[in-house]
Every structure is written in C-alpha cells, then in structure tokens.
Amino acid sequence: MSAEPVVEVNPFECPMQSMREKPQVHDELRAGGPLVRAQAPAGGPVWVVTDYTLAKSVLADPRFVKDPGLAPEAWHGIEDGLDNPEPEYRPYTLIAVDGEDHRRLRRVHAPAFNPRRLAASTDRVTTIARNLFTDLADASDASGQPAELIDGFAYNFPLLVISDLLGVPVTDPIMARKAVSAMKQLALGTASDAEYDTSSLEELLSQAVGSAMEGTADTMTRVLYERGLAEFGELPPDKLVYMIMGLIFAGHDTTGSFLGFLLAETLAGHLAPDADAGEFVEEMLREHPPVPYTLWRFAAQEVVLGGAVLPPGAPVLIDIEGINAHREDPASRRLTFGDGAHYCIGEQLAQLESRVMIQVLRDDFPHARLAVPFDDLRWGRKGSQTARLTELPAWLRPR
C-alpha cells in the first residue's frame, strides 16, 4: 500500500472572494492527488477526496458512516462542522444515523418531499416569492435606496416556504431564523447561557404539531407524523417538533446561501431572457455549492481507499467545491446535494424555489438589476459553514 500525500493546509480556509473566485485551497488539495491528508481545524488528520469517481465510491460505501461518536474527542460539535445531537434526538436526525436507522427515517421523510406534492405547492411558493419581492420593491421606492436581497429575500424566502409547507405559521422570518438556530444549538448541546428567546417559534411549532396529530391540516408535518407512527409505532410531540425544526433549519440555510448567488447571477444579466431557467439553475448549482465539503464521515473500520490505509475513525471529507469546479467528464453529476444513501432529500424543493424565484423576477420585475457592479460583490465563509454573499443591493423596479 502507498501512503497518501500530505497537504499542509486548512481545508476550510476561505478568505473573502469575488464572485468568480474560489478558495485556493481546493487547487492545493487537488494537486496532491485523488486522496490527500490534511489537518482538521479542530486538530488531528483529515482525509480529503478530490476525485469524482473516488468520491462517488465513498458516498456509496457503508463503511463510511455519519456516526458523530467516532469523531475525535477534542472536537466540540457544531463549531467544528460536527452535527452531534443529544442522544434522545439522534434517532430522529437524518444526517446523524446510518444503515437501517437512516433508511427508516428516509421512509418517514420521503412522502413529504414527493415531487408531485411539491409541484402542487407551486402557486403557494410563487405567492411567497412575489409578496417578498413586492414588499422589498415598495420599501426601496419609498426610501430611494436599493433593496438588500441577502437578508431581505435569499434566506427569508426558503424559510417562509418550508414553514408554510410544514404548517408553521411564521410571519416574522428574521425572528424564526434566529430562533431555529438557537433551538438547533440547544438540541446539539452547544447553546450558550445567554441564548436567543425561542418561545415564539416554539409556540408556532407546537401549533403545527398539534394540528398534525389531530389530523386537521394537510401539511408536511401531518405526513411526517403518519409515517413516523408507521415506522416507530409512536412519535412523541417533542420529537416531531425536533424533526420539523431541523427541516426549517436545513431548508433555509443552504438554500438561502445558494439563492443569494443565483440572484446575483440572474440580476447581472447572465441568464438570457429566453433561456431555460432549469438549465441555468443546474449550471449555478455546480458553480456555487453552498458548502465546500460533505458533512463529516468516519471510517467505521480500517478501510483501504485509493491505495492508502485509513484507520478506524478516520475523518473523511468529499471536496464538493473542488470536484464541481474540475468536471473532467461532461456527463458527471454535480455533487452539490451529495450522493448515495445520504443524498439531500430536499433537492427537489430547492430546485422548485430556484425556478419560481427566477420566474417571479421575469414576470413581475423584468427591469430588476444589480445596484453595484457584479465584480464588486464579495462572498465568504466561516469554517465549515455555508458560503454567503456579504450583501446584494438591487433595484427591483425601473428608476
């Protein structure tokens, strides 16, 4: 067996970038070979896969698991990119279980994200997008200042959509974004002493769960409850609250990141008026993945990978951003949503939101444009967190 190359870099290093720049670390990792060893920010080695074919094999290999219990003891949780829920919640966490436990949770969630069910919600999603853009345009007209679309639209839109589909009556998306982040940290056991007040969102989540358990609402939460009963025999209210809270967090964080980049590209005129929006979204998903790597995987046993021997517990990352940027086979699928058993269950919803956003701009705001040059836009990322544009000022109506 050969030893894998060692690259002395922090895989998560990401200085502020322009829209067409990518962190240099991905090129440095790729230059080392299809599998390289680097240093994890929290300490210890990490093995990074930079080759598409090898990445597909790892993502399909049951010997690489999501079990956070295999992480090095020095890792502290979410700040190290590790989703390690409290033990009582782990069986209800899609991204923290494997094997039959994961398949069971997929069976619970899949009917809620059925493509036909999502397609039937297109009008509701369109209304949410139109109302948000209209409010922003009206405020911009009144102030004489451009609309700010990162905090004003990119993150609020997917949060309001997933909340609506779940039957959670959110009217204040900023409150909900702060509260769901705090609730996630509580579930992970990483909350600080002075945490954001989550009581308002908790009440809304409880309302949605109560309606679902009483059978009075045709929502995603109702579907989750029915499927959860079928798979687990019971599904206590607090566990159902945890599940839908996780969907709200996941359903707006990464999607909001991507929608910011998609908005920037669209408002810069990079989508021709008669071009297919779906094809453009696909291109942008490859160009602007919200996260640089897959979530952590760990070798459940000694594994020979790419000619190197990985010890039990070895942390492994797939370089999504680097692999997407160096497509050697035109037929290769982008890895933005992962691959294999843990392929993102929310992909179809993210695609729907992206297409709807573009269509509303085309239909209702055909003169929308950036208020600053495209090349002046900047984005960054802190550690393993999602990429984010610092700002996106835009004029939505003619001036």
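Author: In this predicted model, strands E2 and E3 form a hairpin with 5 residues between them, and in the turn Gly43 has a positive phi of about 110°. Strand E2 covers residues 35–39 and strand E3 covers residues 45–49, and the two pair in the antiparallel sense over 5 bridges. Within this pairing, Leu35 has Val49 of E3 as its bridge partner. In a regular strand the side chains alternate between the two faces of the sheet.

Is Arg334 buried or exposed? Its relative accessibility is 2%, and because buried means under 20%, Arg334 counts as buried. Leaving aside its neighbours within four places in sequence, Arg334 is in contact with Glu282, Leu285, Arg286, Asn324, Tyr343, Glu347 and Gln351. Two of these contacts can be described in more detail, since the side chain of Arg334 makes a polar contact of 2.8 Å with the side chain of Glu282, and its side chain also makes a polar contact of 2.8 Å with the side chain of Glu347. A further relation along the chain concerns Glu287, which is 47 residues apart from Arg334 in sequence, while the C-alpha atoms of the two are separated by 9.2 Å.

Gln351, one of the residues in contact with Arg334, lies in helix H14. With a relative accessibility of 7%, Gln351 counts as buried because the limit for that class is under 20%. Not counting residues up to four places away in sequence, Gln351 touches Val281, Glu282, Leu285 and Arg334.

Several of the names above belong to helix H12, residues 277–287, whose buried residues are Ala277, Phe280, Val281, Met284, Leu285 and Arg286. These buried residues of H12 pack against helix H11 (237–267), H13 and H14. An α-helix has 3.6 residues a turn, so residues three or four places apart point the same way.

H14 gives the most, with 3 residues. The lining is made up of Thr266, Leu267, Gly269, Leu271, Ala272, Pro273, Ile358, Leu361, Arg362, Phe365, Pro366 and Ala368. Sorted by class, this lining has 9 nonpolar, 2 polar and 1 charged residues.

In one, 3 strands stand in the order E5-E13-E10 with antiparallel pairing; its edge strands are E5 (147–148) and E10 (369–370), each of which pairs on one side only. Strand E13, residues 393–395, runs antiparallel to E10 and is joined to it by 2 bridges, and the bridge partner of Leu370 in E13 is Ala394. The other open sheet has 3 strands in the order E1-E11-E12, again with antiparallel pairing, and its edge strands, E1 (17–18) and E12 (388–389), each pair on one side only. Strand E11, residues 378–380, pairs with E12 in the antiparallel sense over 2 bridges, and there Gly380 stands opposite Arg388.

Rolling a probe the size of a water molecule over the atoms shows where empty space is left. The count comes to 2 cavities of 30 Å³ or more, and the second largest cavity has a volume of about 40 Å³. Ala137, Ser140, Asp141, Trp395, Leu396, Arg397, Pro398 and Arg399 line this second largest cavity. Helix H5, residues 122–143, gives the most to that lining, with 3 residues, and by class the lining has 4 nonpolar, 1 polar and 3 charged residues.

Conventions. Residues are numbered from 1 along each chain as its sequence is written. This is a predicted model: local features need pLDDT of at least 70, side-chain atom pairs count only at pLDDT 80 or more; totals for chains, interfaces and linings use all residues. Side-chain values use heavy atoms; hydrogens and water are left out. Buried means under 20% relative accessible area, exposed over 50%, partly exposed in between (1.4 Å probe, protein chains only). Contact means heavy atoms within 4.5 Å. A polar contact is a pair of N or O atoms within 3.5 Å; within protein, one must be able to donate a hydrogen and the other to accept it, and residues adjacent in sequence count only if both atoms are side-chain atoms. Two strands pair if DSSP finds at least two bridges between them. Helices (H or I, at least four residues) and strands (E, at least two) are DSSP runs, numbered from the N terminus. On a 1 Å grid over the protein atoms alone, a cavity is a set of points where a 1.4 Å probe fits but cannot get out, and a pocket is an open set with protein on both sides within 12 Å along at least five of seven lines; lining residues have an atom within 4 Å of a point. Ala, Val, Leu, Ile, Met, Phe, Trp, Tyr, Cys and Pro count as nonpolar, Asp, Glu, Lys and Arg as charged, and the others, Gly among them, as polar. Grid points are joined across faces, edges and corners, and a volume is the space filled by probe spheres set on the points.
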